[in-house]
Amino acid sequence: MNFRLFIENFEYSASDVNKTLEKIPKSHQKLVADFKIEFEPYNTLKNDSKHIGFYDEDKKLIKISAPWNYSREYALLHEIGHLVWNKLPNEKIDIWLKLTKDKKNKKENQVELFCQFYANKYAKNKLEKYKNKNLINFLEKI
């Protein structure tokens with residue numbers, strides 16, 4: 001098998017996903033317990049050139065592509081971050097918005113910023129861009 005076919009046909013096992021889920025708080029694990037997680041072999045999601053991950057709470061589905069710039073683990077954690085954000089009480093959201101008021105930019109809204117920091121907190125391979133002691137402390141308390 002050539003390298004391209006290997007990459008395109010590589011599938012993550014349930015144990016790979018479970019190793020990642022074991023890193024996050026039990027309450028967050030429960031949010032995805034009944035979700036189906038699918039991996040795609042493309043740089044972006046099939047038929048969606050703008051996204052590397054997708055979640056649908058109604059269908060209990062998370063899809064992750066094989067992005068060039070992020071690990072699949074990172075992309076999965078980012079999507080789980082969306083589910084966590086959706087369950088945050090308003091007072092926690094208000095605290096996050098206050099903590100990140102100086103980080104607003106045109107490329108990322110505050111939900112996406114939360115998901116990036118969430119992914120970075122639990123991912124094996126962290127990105128320097130998403131290291132901030134105050135924001136990590138916040139994530140440890142939710």
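**Exercise 1. Count the secondary structure elements of the chain and give their order.**

Solution. In this predicted model, the chain holds seven helices and three strands. Read from the N terminus, the elements follow the pattern α-α-α-β-β-β-α-α-α-α. The chain has 142 residues, of which 37% count as buried. Among contacts in the chain with a separation of 6 or more, 59% come from residues 24 or more positions apart.

**Exercise 2. Work out the strand order of the sheet and how β1 pairs with β3.**

Solution. Step 1: the three strands form an open sheet in the order β1-β3-β2, and the pairing is mixed. Step 2: β1 (36-39) and β2 (53-56) are the edge strands, each pairing on one side only. Step 3: on average, neighbouring strands of this sheet are turned by 10 degrees against each other, direction ignored. Step 4: β1 pairs with β3 (residues 61-64) in the parallel sense, over four bridges. Step 5: for Ile37, the bridge partner in β3 is Ile62.

**Exercise 3. Which strands does α4 lie across, and at what angle does α4 run to β3?**

Solution. Helix α4 lies across β1, β2 and β3. Its direction makes an angle of about 145 degrees with β3.

**Exercise 4. Classify the crossing of α4 and α6, then describe the contact.**

Solution. Step 1: the axes of α4 (residues 72-87) and α6 (residues 110-122) come within 8 Å and cross at roughly 125 degrees. Step 2: α4 is therefore oblique to α6. Step 3: the crossing of the two helices is right-handed. Step 4: the α4 side of the contact includes Tyr74, Leu77, Ile80, Val84 and Trp85, and the α6 side includes Val111, Phe114, Cys115, Tyr118 and Tyr122. Glu73 in α4 and Glu112 in α6 also belong to this contact. Step 5: by class, the contact residues are 11 nonpolar, five polar and two charged.

Definitions and conventions. Residues are numbered from 1 along each chain as its sequence is written. This is a predicted model: local features need pLDDT of at least 70, side-chain atom pairs count only at pLDDT 80 or more; totals for chains, interfaces and linings use all residues. Side-chain values use heavy atoms; hydrogens and water are left out. Axes are lines fitted to C-alpha atoms, for helices over the stretch in contact, and angles run from 0 to 180 degrees between N-to-C directions. Angles under 35 degrees count as roughly parallel, over 145 as roughly antiparallel, 65 to 115 as roughly perpendicular and the rest as oblique. A crossing is left-handed if the near helix is turned anticlockwise from the far one by less than a right angle, and right-handed if clockwise. Contact means heavy atoms within 4.5 Å. Ala, Val, Leu, Ile, Met, Phe, Trp, Tyr, Cys and Pro count as nonpolar, Asp, Glu, Lys and Arg as charged, and the others, Gly among them, as polar. Two strands pair if DSSP finds at least two bridges between them. Buried means under 20% relative accessible area, exposed over 50%, partly exposed in between (1.4 Å probe, protein chains only).
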